[in-house]
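Subject: Structure handover

Hello,

Here is the structure we talked about. Please open it alongside this note; my findings follow below.

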Amino acid sequence: MRTFFLLFFLLLAPRLFAAEGYIDVTAPVSGKLKLFIAPTAVLSGQAPAETAKELPELFGFDLAIAGPFEISADATSPLVLKSSVGVQGETATIECRLVDQVLNREVAAKRYTGRAKDLRRMGHAFSDEVLRVLTGQKGPFTGKIAYVSKVSGNKEIYIMDYDGHNAQRLSNNGSINLYPDFAPSGKEVIYTSYKKGNPDLYRRELFTGLEARVSFRSGLNAMGVFSPDGNRIALVLSKDGNSEIYVISRDGKEVSRLTKNHAIDVSPAWSPDGSKIAFVSDRLGKPQIFVMDSNGGNVRRLTTSGSYNVTPRWSPKGDRIVYARKEGAFQIYAINPDGTQDTQLTSAGSNEHPRFSPDGRFIVFSSTRDGGEGLYLMRADGSTQTRISPNKGQNTHPTWSVNW
């Protein structure tokens, strides 16, 4: 009888869990859970007032933009997020709990200790944990976004938290630097720089600052993107006079040409399993998105609407491809890999360079909607479009790393 009861409970538990109100964060926003974020308490040592204020604001931003939560001012809400913080010298400790007040139980609880300057990262880590517990999939909030900014007067590569905080410059050469892309590990970035006169491809280690020039052939060495296993890089080379898609080894020594066409072929993007590459070609007269096998075979056209479609990127699950279409202004679209369900996601301003978050919940992109060119975040269905740029300068070409 006990075996039967246990089996019955295990079968019933997911239904009970769903009945309590927990919903799929990847679904369209509806039936939001009311979440009260309690003021941060002092755990030990000192907790500066700005720190106590910062954590609730961080949790509110993370979980509101995720979709399933409605941040409430009512302390009797079904869910309550409680946090405590202590700072002693250069060390900070935070304790976080998510409490279900209906069932009177903790849904999630974590304690983090680290450098005081990493307190925001620890807070984002708990937001990741909340999504993992409630949806089965960890959040992307401890990831970083690399991008191009002209805030210094030149186009340099910067990196920041996903919400726009803690921006820091990676390149500092006073030249033109473009097209950053993270390695699958999140510990390296490749980008194109003109710092030696030619647009060459560089690879930079984020934690050591070590840098290597991995492709410096005559002409373009641009739009480099790591393969899912991190061992290869797809990029655009014009060493033979025309822009074509190539694949090189991570050290740049091995080279394989994928496209052979009189047209311009650019913007390679790997599928998550590494078997296919989406790219842009004007071989039919206007830029369109095409897909080919990763060895260059079986080329087929993907987009059939619009006359100017560029910058494709695959979702982490491989079920959607985002890109920008120019019809007056640029707008972000998403399409299935078989060409169906071609859907417009943005409408305000001019919007370009879409990139999925590592978990596929969000898309980061650049937009002119508020003047200048800023970085924005939206859910994968186009909802909750929010500016995240750390300044009013020109910020473009964002890309999102795996969680740190």
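This is a predicted model: local features need pLDDT of at least 70, side-chain atom pairs count only at pLDDT 80 or more; totals for chains, interfaces and linings use all residues.

A residue counts as buried when its relative accessible area is under 20%.

Helix α3

Start with α3, residues 119–135. 13 of its 17 residues are buried, so the helix is largely enclosed by the rest of the structure. From first C-alpha to last, α3 reaches 25 Å. That is close to the 24 Å expected at 1.5 Å a residue. Just after the helix comes Gly 136, with a positive phi of about 85 degrees.

The cores

The largest nonpolar core has 40 residues. Which of them touch the most other members? They are Phe 69, Leu 98 and Phe 126. Helix α3 gives the most to this core, with seven residues. A second core is separate and holds 37 residues, including Leu 258, Phe 279, Phe 290 and Tyr 376. As background, nonpolar side chains tend to be buried together in soluble globular proteins.

Phe 126 deserves a click. Leave aside its neighbours within four places in sequence. Its contacts then include Phe 59, Leu 81, Cys 96 and Leu 98. Ala 108, Ala 109 and Tyr 112 are also among them.

Most residues other than glycine have a negative phi. Asn 104 has a phi near 55 degrees. Ser 267 has a positive phi of about 55 degrees. Ser 267 is in strand β18, residues 265–270, and it counts as buried at 8% relative accessibility.

A four-stranded sheet

Four strands form an open sheet in the order β10-β11-β12-β13, with antiparallel pairing. β10 (177–182) and β13 (211–215) stand at the edges. Each has a single partner strand, so one side of each is left without a neighbour in the sheet. The twist averages 25 degrees from one strand to the next. Look at the β10 edge in detail. Four bridges join β10 to β11 (residues 188–193). In one of the pairings, Asn 177 has Ser 193 of β11 as its bridge partner.

Best wishes

How values were computed
Residues are numbered from 1 along each chain as its sequence is written. Side-chain values use heavy atoms; hydrogens and water are left out. Helices (H or I, at least four residues) and strands (E, at least two) are DSSP runs, numbered from the N terminus. Buried means under 20% relative accessible area, exposed over 50%, partly exposed in between (1.4 Å probe, protein chains only). A nonpolar core is a set of buried Ala, Val, Leu, Ile, Met, Phe, Trp, Tyr and Cys residues joined through side-chain atoms within 4.5 Å. Contact means heavy atoms within 4.5 Å. The expected span of a helix is 1.5 Å times one less than its number of residues. Two strands pair if DSSP finds at least two bridges between them. Axes are lines fitted to C-alpha atoms, for helices over the stretch in contact, and angles run from 0 to 180 degrees between N-to-C directions.
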